[in-house]
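Dear colleague,

Please find the structure below, handed over for your own work. A summary of the findings follows it.

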Amino acid sequence: MNLGYYPGCALHGSSDDYQQSLKACFGALDVSLKELDDWICCGATAAHTLNHKLSIALPARNLALAAQQGCEELVAPCSMCSLQLKKAQKAISGDALLAAEMSRIVEAKPDGARVLNLIEALERVGLETIKTAVKAPLKDLKVACYYGCLLTRPPKVAEFDDCEQPESMERIVAALGATPVAWNYKTECCGAGMTMADEDTVLELSQKILADAAAHGAQSVVVACPMCHVNLDMKQSAIEARYGTKFGMTIYYLCDLVGLALGLAPKTLGINRHFAGRIA
Amino acid sequence: MSATMQSDSISLLESLAQTKFADCYQCGKCTAGCPRSAHMDKTPNQIVRMVQLGEVDAALKTDAIWQCVSCETCTARCPKSVDCAAVIDALRQVSYERGMTSKQQAAVVLFQKAFLDSVRRNGRVNEVEMIAQYKLEGFAAMRRLGFLFEGAMLAPRLQMHHKLHLIGEKVRNRDLVRRIFARCMDGKE
C-alpha cells in the first residue's frame with residue numbers, strides 16, 4: 001500500500017522519534033510512505049491565533065501540493081496538522097468564493113487528498129491485517145489510550161470517532177494483545193503547544209492526565225500526537241517535581257505499540273529516545 | 001468607541017469566527033468544560049456575552065483570550081453550535097493587530113509571533129531560531145532575567161536523546177511562502 005506522508009514540523013524537529021517509529025512500523029506493515037515534496041508548516045496554533053486567513057492558506061498550499069503530486073491519501077501523524085488540513089479542506093469545499101481566494105493566494109488549486117490521522121491510517125491498513133501480523137502480543141501491558149483534543153474535536157471538522165468517548169485506539173491496542181484501561185481523561189487537554197509559553201498550564205493539565213491514568217491501573221499511556229507526547233513524556237519529570245509525585249509512566253506513540261507487537265526492537269522504534277518510564 | 005465602530009468590530013469578529021454571536025443563550029456549557037476557565041479573568045461564556053453586548057474593547061484586552069489552549073471543547077459541546085473557540089481566535093487576531101494584547105500574557109503572544117516569523121522565513125519552523133527570537137523579544141518586553149533561562153536545562157537532555165537539531169529545514173519555494181504571508185497578513189498582492 002502507498003500513502004502520502006505529511007510529517008509536519010514536529011516530526012522533522014524535536015519529535016523525530018515519532019517519525020522513526022512511524023516509518024519502522026509502517027515499513028513492517030508493508031506500507032510505503034511517500035513524503036509530500038516541499039511541504040510547508042500547517043501554521044498550527046500560531047496561525048489560527050494570529051491570522052485566520054493564513055490558517056487556511058498554509059494548509060491549502062499543502063493540499064495543492066498533494067493534488068499536483070497525485071497524492072490521494074495523506075497521513076498527517078500530528079493531530080494539529082491533520083486537524084488544520086481538514087479544517088482548511090472543509091472551509092474551502094463549502095465556499096466557492098473562499099476556494100477562489102485561496103487558489104489566488106497559494107497560486108494553485110487546493111484540491112487534494114483525503115487526510116488521515118495516525119489512527120485512521122492504521123485503520124486504513126486494516127485491523128485484521130494488523131492482528132494477523134502480530135508476532136509478539138503485548139500481553140500484560142495495561143495502557144491508557146489518550147486522544148487529547150484535536151483528533152476528535154471539533155467533531156464537525158475532525159469527522160472521526162466519538163468526541164466524548166472515542167474507542168478507535170482501544171480497538172487497535174486490544175488487537176495487539178494489550179489491555180486498554182477504562183479511564184476519565186482520554187479527551188482532556190494536555191496544554192498542547194503551550195509547553196514553552198505557559199509551562200504552568202501544561203504541568204497542571206498533564207499532571208491530571210497522568211494521575212487519572214495511574215489511578216485506573218495503567219502502566220503506560222499511548223498517544224497519537226507529538227505535542228501530547230512532549231507534555232506527558234518530556235515534561236513528566238517537571239510534573240513530578242512540581243506535584244511531589246512519582247509516575248514513572250512510559251508514554252508510547254501508537255505506532256510504537258504496533259511496532260513492538262510486530263516484533264520490532266524498541267531501539268528500532270526510537271523508544272529509547274523517550275524521557276520517562278522504562279523501555280518495554 | 002462610537003456605535004458605528006462598535007458594530008463594525010462586531011461584524012469583523014463575526015466574519016473571522018464564521019459564527020453567530022446572537023445564537024448564544026448563555027447556558028455556560030463552554031465554561032463548564034473549559035480546562036482553563038478557573039484561571040481566567042473572564043470565562044468563555046462571559047467573553048461571548050461581552051461581544052454580544054458590544055463590549056468589544058474590553059473583550060480584546062482580557063487575559064482569558066490568551067489563556068485559552070485551543071482544545072475546542074467549548075465548540076464541540078455548544079448546544080447552539082456557536083464556535084466559541086473561533087470567537088476567541090477572532091478576538092486574539094484583532095487584539096494582536098490593534099496592539100491591545102494583555103501585558104500579563106506577553107509570553108504567549110510573543111511565542112505565537114516567533115513561531116509564525118520562523119515559518120515566514122523558512123516555510124517550516126526552525127526550533128532553535130524560534131526559541132532564540134522568543135527569548136530575546138520576551139526579555140525585552142518583560143525585563144525579567146529568569147525568563148531567558150527558563151527551560152534551558154532541557155537542552156542537554158534533548159541533545160542526549162538526539163532531539164536537538166541546530167540546523168533547521170528550509171523549503172525550496174520560500175518566495176511563494178513569503179507571498180502567501182504577505183497576502184494574508186499584510187493585505188499585499
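Predicted model: local features only at pLDDT ≥ 70, side-chain atom pairs only at ≥ 80, totals over all residues.

The interface between the chains

In the contact between the two chains, 56 residues of chain A meet 55 residues of chain B. Together the chains bury about 5200 Å², and carbon and sulfur atoms account for 58% of that area. On the side of chain B, the residues that lose the most area to chain A are Arg124(B), Lys163(B) and Cys184(B), which together make up 12% of what that side buries. Seven salt bridges are counted between chain B and chain A. Glu107(A) and Arg183(B) form a salt bridge, with their closest N and O atoms 2.8 Å apart.

Salt bridges within the chains

In chain A, Lys86(A) and Glu120(A) are joined by a salt bridge of 3.1 Å, N to O. This pair links distant parts of the chain, since Lys86(A) belongs to helix α5 (residues 79-93) and Glu120(A) to helix α7, 34 residues apart. Lys86(A) has a relative accessible area of 11% and is therefore buried; Glu120(A), at 11% relative accessibility, also counts as buried.

Glu204(A) forms a salt bridge with Lys208(A), the closest N and O atoms lying 3.7 Å apart. Because these two residues are four apart in helix α11 (residues 199-215) of chain A, about one helical turn separates them. Glu204(A) is buried at 17% relative accessibility, whereas Lys208(A), at 34%, is partly exposed.

In chain B, the salt bridge of Arg178(B) with Asp175(B) has its closest N and O atoms 3.5 Å apart. The two residues are three apart in helix α12 (residues 174-185) of chain B, so they are separated by about one helical turn. Arg178(B) has a relative accessible area of 40% and is partly exposed.

Tyr18(A), Leu22(A) and Phe26(A) of α2(A) make the contact with Leu118(A), Ala121(A), Leu122(A) and Val125(A) of α7(A). By class, this contact has seven nonpolar residues, with no polar and no charged ones.

Leu22(A) and Phe26(A) are also among the residues in contact with Leu33(A), leaving aside its neighbours within four places in sequence. Leu33(A) lies in strand β2 (residues 32-35) of chain A and counts as partly exposed at 22% relative accessibility.

With kind regards

Notes: Residues numbered from 1 in each chain as written. Chains lettered and ligands numbered in written order. Heavy atoms only, no water. Contact = heavy atoms within 4.5 Å. Nonpolar A, V, L, I, M, F, W, Y, C, P; charged D, E, K, R; others polar. Buried < 20%, exposed > 50% of the residue type's maximum accessible area, 1.4 Å probe, protein only. Buried area = accessible area lost by both parts, 1.4 Å probe. Salt bridge = Lys/Arg side-chain N within 4 Å of Asp/Glu carboxyl O.
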